[in-house]
Each structure stands twice: as C-alpha cells, then as structure tokens.
Amino acid sequence: MDRATAVSLAEWLIRAEVEKREVTRITERYPELTVEDAYQIQEVLVGKKLEQGYRIVGPKMGLTSRAKMKQMNVDEPIYGFIFDYMVVSGGEISFRDLIHPKVEAEIAFVLGRDVEGPGVTGAQVLAATAHVMPALEIIDSRYERFHFTLPDVIADNASSSRVVFGTTLKRPDELELDLVGVTLSINGELKEMGAGAAVLGHPANSVAMLANMLARKGLKLKAGQTILTGGITGAVMLQPGDVVSARLDGLGSVGFLVRA
Ligand code: 0L1
Ligand code: MG
C-alpha cells in the first residue's frame, strides 16, 4: 500500500473516533488489504496521535482467546496501542463520547525492565514484570455494527478506546495468573466469567508473544509500560447507566459507571 493511501485511511479512522461515528470497513473499498498494509495504517494512526501530543501508555494484545481467534479465523493475536487519553479516571465513562462500546476484563502487566524479542518466553516476561493489576478494557470499533475482517481491526488500532485500571497491584509471583478466576457483572447481574488461562494459556505468554511480534518491526516493550494482555471474559455491549464491575481472584475488583 502506498504511503499516501495509508495516511488518508489512518486520518479517516481518527476522524471516525473523534466524531464518534461508525464508518464502512476499509476492506469494502480495499478488498485486497493485507495484515501488513493494516499495520502500516495503524503505524500512521499511532504516529498522528503522538504528533497530537498524546502519550503511549503501552501496547495491548487483542484476539488472544481461542474463541475470538476461531471467530476471526486467525492463529495469531493482534496488537494495538493504548494512549493516555484512553485511561479513565474518576470511575466513569461517557457513553456519548463513544460509538458502540463493549467491555472485557483483563489482567494488565507493568514492566520493570525492557523486554525485547525475538525468542521471549513467558518466564522472561514474569521476571521483567514489576506488578500486575486488574483492568476493564472498553473496546469501540470504528466500523459499522462492530463488523470487520482481521486487517480492518488491525488498522483501527485493535478497537482501542478506553481502559479502567484497578488499584490492587501484585507482584506476578504472588499469584498464579493462569488460575485467576474472573467474573464480569453489569448492574449486579453476572454476564461473563473466565480464568487467566483463557489468554494464550497464561497472560505472560501474551506479553511474550507481543514482544516477539514487535521485534519484527524493530520495536521492544519498555520499562514502565502498562500492557493489556487480552480479554479473559467475552466482551459485553454497554448501555448508558450501566454499572460495570469485575472481580479477579487475588487482584480485587475494578469497575466503572457508564454516564449517558
Ligand atoms: O482487545 C481486544 O481483544 C479487541 C481486539 C479487536 C476485536 C474486537 O474489537 O472485538
Ligand atoms: Mg482487549
């Protein structure tokens, strides 16, 4: 894909996010769009946000569950980037700032040391991790009805939109992250449940895979970055007025309110 087209598609996706309106997926216009093209568009999109003065909190992994990978017919997850403006403070998100948000429960890793692929293992990630904490990721695809192909969602920064972090910080050796049980409730009603192992067998494997995927681009994970490892639960559609809460064994709770 030529640079000018990648720039115009990245700008188009950024406009959709800023104007809070869904758009037709890119592959309707460019059916031949490859995963490589899509990461090129994402790279331009990320660069433009950095030029606007936003800061990267860390990369995230998406499509890490077997169910999501099967649904998209892929055997590798995808990555995107979380920016500072996406981090929710004050326990509330505004529905009118978003298009059609969904929420999923995740475990976030905060790195104490750089992690650079290729060949990174989950054990190396655990050794480089300062702490882990619970997170609720709010994904908000810019595409109509959340319908997209793999290259579409990669170009759209893996649907990244908002994230709420919990306040319980644990060293990774304080608990067995694959065995952490998770429930996701909305308005007091249990909607989804799962365990850490839903994320590539262990959330640390997700960070390792991310480091190895970034290495192909000459990038690395940096000390201090916070990494979302992927949904442990399925993603649930949000409505104005919803009160969302997740409980993670040994990692406490995390929640927020959806303001109209
Ligand atoms: O964080 C994620 O797993 C989102 C990846 C993109 C797929 C989606 O928007 O459902
Ligand atoms: Mg996610």
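Helix H3 (35-51) gives the most to the lining of the second largest pocket, with 6 residues. Helices here are DSSP runs of H or I with at least four residues, strands are runs of E with at least two, and numbering starts at the N terminus. A pocket is defined on a 1 Å grid over the protein atoms alone: an open set of points where a 1.4 Å probe fits, with protein on both sides within 12 Å along at least five of seven lines. Lining residues have an atom within 4 Å of a point.

Ground rules, quickly. This is a predicted model, with pLDDT of at least 70 required for local features and 80 or more for side-chain atom pairs, while totals for chains, interfaces and linings use all residues. Residues count from 1 along each chain as its sequence is written, chains are lettered from A and ligands numbered from 1 in written order, and side-chain values use heavy atoms, without hydrogens and water.

Back to that pocket. It holds about 270 Å³, volume being the space filled by probe spheres set on grid points joined across faces, edges and corners. Its lining has 17 residues, and Val 46, Ile 56, Phe 81, Leu 214 and Leu 219 lie nearest the centre. Besides H3, strands S1 and S2 (78-83) each give two or more residues. The lining divides into 10 nonpolar, 3 polar and 4 charged. Nonpolar means Ala, Val, Leu, Ile, Met, Phe, Trp, Tyr, Cys and Pro; charged means Asp, Glu, Lys and Arg; the others, Gly among them, are polar.

H3 also meets a helix. The axes of H1 (residues 3-19) and H3 come within 8 Å and cross at roughly 60°. Axes are lines fitted to C-alpha atoms over the stretch in contact, with angles from 0 to 180 degrees between N-to-C directions. Residues in contact, meaning heavy atoms within 4.5 Å, include Leu 13 and Ile 14 of H1 and Ile 41 and Val 44 of H3. The contact residues split into 9 nonpolar, 1 polar and 5 charged.

Now the largest pocket. Its volume is about 440 Å³. Of 25 lining residues, Leu 63, Lys 68, Gln 71, Ile 139 and Phe 148 are closest to the centre. H4 supplies the largest share, 4 residues. The lining has 11 nonpolar, 9 polar and 5 charged residues.

Two backbone points to finish. Gly 117 and Pro 118 are joined by a cis peptide bond, omega about 5°. Asn 73, not a glycine, has a positive phi of about 60°. Asn 73 sits in the loop between H4 and S2.
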